[in-house]
Amino acid sequence: MFQSLTAPPPDAILQVMQLFRDDPRPEKVDLGVGVYRDDAGHTPVMRAVKAAESYILQSQETKSYTALAGDPAYHAAMADLLLAGALPSERIAAAAATGGTGAVRLAMELIRTANPDATVWISNPTWPNHTLLAKFVGLKQATYRYYNAAEGALDRQGMMADLGGAKPGDVVLLHGCCHNPTGADFTAQDWAAMADFLAERDLTPFIDIAYQGFGANVEADAAGLRLLVDRLPRVLIAASAAKNFGLYRERAGICLVTCPEGERAAIQSTLAGLNRASISFPPDHGARVVTTVLTDPAMKADWLEELDGMRSRIAGLRKSLAGALRQETGSDRFGFLAAQQGMFSVLGGSEAQIARLRDEFAVYVVGGGRLNIAGLTEDSVPRVAKALATVLDE
Ligand SMILES: Cc1ncc(COP(=O)(O)O)c(C=O)c1O
């Protein structure tokens with residue numbers, strides 16, 4: 001039965017990870033994989049997460065199943081983090097998911113169940129899993145221009161021109177903050193204009209927010225999302241706790257849907273039914289850690305402090321890299337790096353240039369020139385800047 005199978009194309013990021021592991025050069029720098037790293041190159045377990053885990057270890061009395069949609073306390077804690085009480089709970093349906101990826105998938109399955117004719121509009125470029133998941137869920141998809149690489153800035157005109165092709169009932173997928181891979185985010189005005197546009201055309205926003213707290217702070221990073229929730233009757237949200245809680249492997253995510261009160265019960269039971277048909281019960285450990293941290297004032301304060309340190313480290317490295325590139329190239333061509341947000345930016349570059357960065361300079365970036373700023377250290381910045389300037393600025 002498997003004779004017809006062919007191997008899917010290898011995942012570009014996983015390939016880079018493997019090449020990096022196999023590289024014996026001690027000075028190698030991994031700017032490929034999308035995890036936060038500290039100055040020592042570690043992806044730490046956050047202090048508040050350790051505290052919550054030790055509290056859970058002491059106090060947990062059962063590991064029996066939770067509920068198909070996960071623990072309501074987790075829904076409430078995440079709704080509070082994301083929406084800060086912007087809506088009453090009667091207008092929020094929620095289901096725990098297997099990470100942000102699982103949440104995106106669940107939201108897409110909900111869209112397909114509710115309106116199989118809907119097209120999901122996805123930014124170009126985007127996190128590659130968006131297109132992959134939409135394909136596997138069987139949703140129609142279209143792309144909209146998002147980024148002007150030559151200017152290192154949003155392509156507002158292109159975006160609105162492309163989204164002009166959306167029909168009522170379609171869904172527009174937006175990154176809540178720290179756009180992956182470009183690092184170029186909406187301003188408050190962009191969010192307000194988008195809210196008007198979506199409302200006028202009867203389009204539903206779908207916000208993927210995987211980096212809340214990595215941009216400016218947890219509140220500001222959710223401001224666009226909150227504005228849409230305030231202005232539009234229905235918003236789909238997929239959130240991940242992988243990055244901001246450092247819970248990558250625990251697979252903590254959530255799908256929230258804000259809706260008119262009368263629609264909530266049907267959405268809630270559909271989400272539970274979709275979980276039933278794929279994973280039955282969602283994983284609980286990461287979700288419980290998140291709930292514990294967010295509902296304990298001391299743990300929450302410590303989490304916010306550590307998260308703020310991670311954010312400042314990334315912002316500092318952005319400035320250092322932009323400054324070093326200014327010196328190397330004598331131009332402000334890469335100045336956008338300092339203004340962008342989150343872990344990623346794209347520098348462009350052909351496949352040959354990416355290979356040269358790797359082979360000649362031991363600098364690993366993903367195809368298209370996406371780099372994970374958190375993979376830098378203040379020590380490696382000058383060397384990486386030299387490599388980037390040599391290879392990309394020729
Ligand atoms: C934009 C975006 N959404 C969602 C995710 C999902 O994260 P996870 O499934 O690890 O929670 C990621 C992770 O890289 C991402 O970049």
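Modeller: The model is a predicted one. Helix α1 contributes 6 residues, the largest share of the lining. At least two lining residues each come from α1, α4 (99-114), α5 (128-137), β8 (204-209) and β11 (344-346).

In the segment before α1 (12-22) one finds L5, which counts as exposed at 62% relative accessibility. Together with M1 and F2, L5 forms a nonpolar surface patch with about 440 Å² of accessible area.

As for charged contacts, the structure holds 20 salt bridges. One of them joins the side chains of D117 and K140, at 3.8 Å from N to O. Because D117 lies in the loop between α4 and β3 (119-124) and K140 in strand β4 (residues 140-145), this pair ties together parts that are 23 residues apart in sequence. D117 is partly exposed, at 49% relative accessible area, and K140 is likewise partly exposed, at 42%. In another salt bridge, the closest N and O atoms of D196 and R231 are 2.3 Å apart. Since D196 belongs to helix α7 (residues 188-201) and R231 to helix α9 (residues 223-231), the pair ties together parts 35 residues apart in sequence. Finally, R47, D302 and E306 are linked in a network of salt bridges.

How values were computed:
Residues numbered from 1 in each chain as written. Predicted model: local features only at pLDDT ≥ 70, side-chain atom pairs only at ≥ 80, totals over all residues. Heavy atoms only, no water. Patch = residues over 30% accessible without salt bridge, like charges linked within 9 Å, V, L, I, M, F, W, Y side chains within 5 Å. Areas by Shrake-Rupley, 256 points an atom, 1.4 Å probe, with all protein chains shown as cover. Salt bridge = Lys/Arg side-chain N within 4 Å of Asp/Glu carboxyl O. Helix = DSSP H or I, 4+ residues; strand = E, 2+ residues; numbered from the N terminus. Buried < 20%, exposed > 50% of the residue type's maximum accessible area, 1.4 Å probe, protein only.
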